[in-house]
Amino acid sequence: MKTFFAWSPLAPPTAGSRPSPALATWADRNAYLFLGLGLLQVVAGLDEGLVRLVPLAIGLLLFGLPHGAIDHLVALGLAGRSLQLLPLSVVLSLYLAVVLAVLALWFLLPGVAALGFLIMTIYHWGKGDLAFERCDVDNESGFRGSLANGIHLILRGLIPIGLPFLIFPDQASEFINACVRFFAPDRVIDWSLWRSLLLIAFVGFFCGDLWVHLRHFRQPLARRVLIENFALALFFSLVPPVIAIGWYFAGWHGFRHLLRLTRYQAALDLPAGLARLGWQAFPFTVVSVVMLFILYIGMADRVTGSFQATALYLVLISALTLPHLIIVEWMDRREKSSREVS
């Protein structure tokens, strides 16, 4: 299997290694494509019924779910372990234990699990953008300090997660409440109670991030970040949540994480690196889909339609996100250490 899937531990880039200038170009092109498809879907009137779930379905096999399906190889590379049965079994057992713990929380305290998932995703998606920006060849000046980085991180998570609750409150609430009702059929959380606080937070973080990057407008990365901020805010203001999250998850967050992982395959160029990552992700992408099917079978009496099935998919994503986040945090710390050494 190791040879068949070209499996090998993914070691972090060495100190002083330079990212490829093509990373930003590939990220931009993919973002234009996927976000453009989301806007086109709305303009074409394909934002109702079953068709609105297509982006999330695409993310099952393209960039979305697969971007975390290589975590076992990353963990082995970070730990300096070879791909042997014992270390692989330890990684997979710990990973599965965290997944099951999150699923247990959904069964016991679904409201807490839903809120925790939203907060965790704000942090994880914002941190993902921050980490990818550090791969930008123009990110040499370090014009953002710790506070500015924190503001930027939270804003980048609030745009895809918080903005839908401000612009499309009914649809966003419907989607997250559908997850809660799997485990508490009579429970309906009034998310509008959070809207005022969310609005204040969003405006504050957006303006703070704007001020930081306008001050350094001559920096290429600052200009790039400003364009992305406004483009993402516009996208999530125009495209309904289920569609917007689907395209963003696959075409922005998932794809950028895979681009970042190409730096863990120094011997390969960018296209070959992405192709190999896709092949390496295939087995555990299939395992994740099987887990979704098992969840569906176990709760089939509560799945009354495609929308509920998609909400169940979101529950599984929440369970997979926590162990994935832990490994990404490990990546961040190792890469930070490498930068400090260089």
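Serine 318 and tryptophan 106 are joined through their side chains by a polar contact of 2.7 Å, where a polar contact is a pair of N or O atoms within 3.5 Å; within protein, one must be able to donate a hydrogen and the other to accept it, and residues adjacent in sequence count only if both atoms are side-chain atoms. This is a predicted model, in which local features need pLDDT of at least 70 and side-chain atom pairs count only at pLDDT 80 or more, while totals for chains, interfaces and linings use all residues. Residues are numbered from 1 along each chain as its sequence is written, and side-chain values use heavy atoms, with hydrogens and water left out.

Serine 318 sits in helix α12; helices (H or I, at least four residues) and strands (E, at least two) are DSSP runs, numbered from the N terminus. Its relative accessible area is 1%, so serine 318 is buried, a word that stands for under 20% relative accessible area, with exposed over 50% and partly exposed in between (1.4 Å probe, protein chains only). Beyond its neighbours within four places in sequence, serine 318 is in contact with Val102, Trp106, Phe117 and Met120, contact being heavy atoms within 4.5 Å.

I turn to the charged side chains. How many salt bridges does a search of the whole structure find? The search finds 11, each being a side-chain nitrogen of Lys or Arg within 4 Å of a carboxyl oxygen of Asp or Glu. One of these pairs aspartate 332 with lysine 127, with 3.2 Å between the closest N and O atoms. That pair links distant parts of the chain, 205 residues apart: aspartate 332 belongs to helix α12 (residues 306-341) and lysine 127 to helix α5 (residues 110-133). Aspartate 332 is buried, at 9% relative accessible area, and lysine 127 is buried too, at 14%.

A salt bridge also forms between arginine 156 and glutamate 133, at 3.9 Å from N to O. Because arginine 156 lies in helix α6 (residues 146-167) and glutamate 133 in helix α5, this pair ties together parts 23 residues apart in sequence. Both residues, arginine 156 and glutamate 133, are buried.

Within helix α9 (residues 220-238), glutamate 228 and arginine 224 lie four residues apart, about one turn of the helix. Their salt bridge brings the closest N and O atoms to 3.5 Å. Glutamate 228 is buried at 6% relative accessible area, and arginine 224 is buried at 17%. A network of salt bridges links Asp28, Asp129, Glu133, Arg144, Arg156, Arg224, Glu228 and Arg256.

The structure holds two cavities of 30 Å³ or more; on a 1 Å grid over the protein atoms alone, a cavity is a set of points where a 1.4 Å probe fits but cannot get out, a pocket is an open set with protein on both sides within 12 Å along at least five of seven lines, and lining residues have an atom within 4 Å of a point. The largest cavity holds about 100 Å³ of space. Which element gives the most to its lining? That element is α10, with five residues. Among the lining residues of the largest cavity are Asp129 and Arg256.

The second largest pocket has a volume of about 730 Å³. Its lining comprises 40 residues, with Leu65, Phe249, Ile317, Leu320 and Thr321 nearest its centre. Helix α12 gives the most to this lining, with six residues.

Methods:
Grid points are joined across faces, edges and corners, and a volume is the space filled by probe spheres set on the points.
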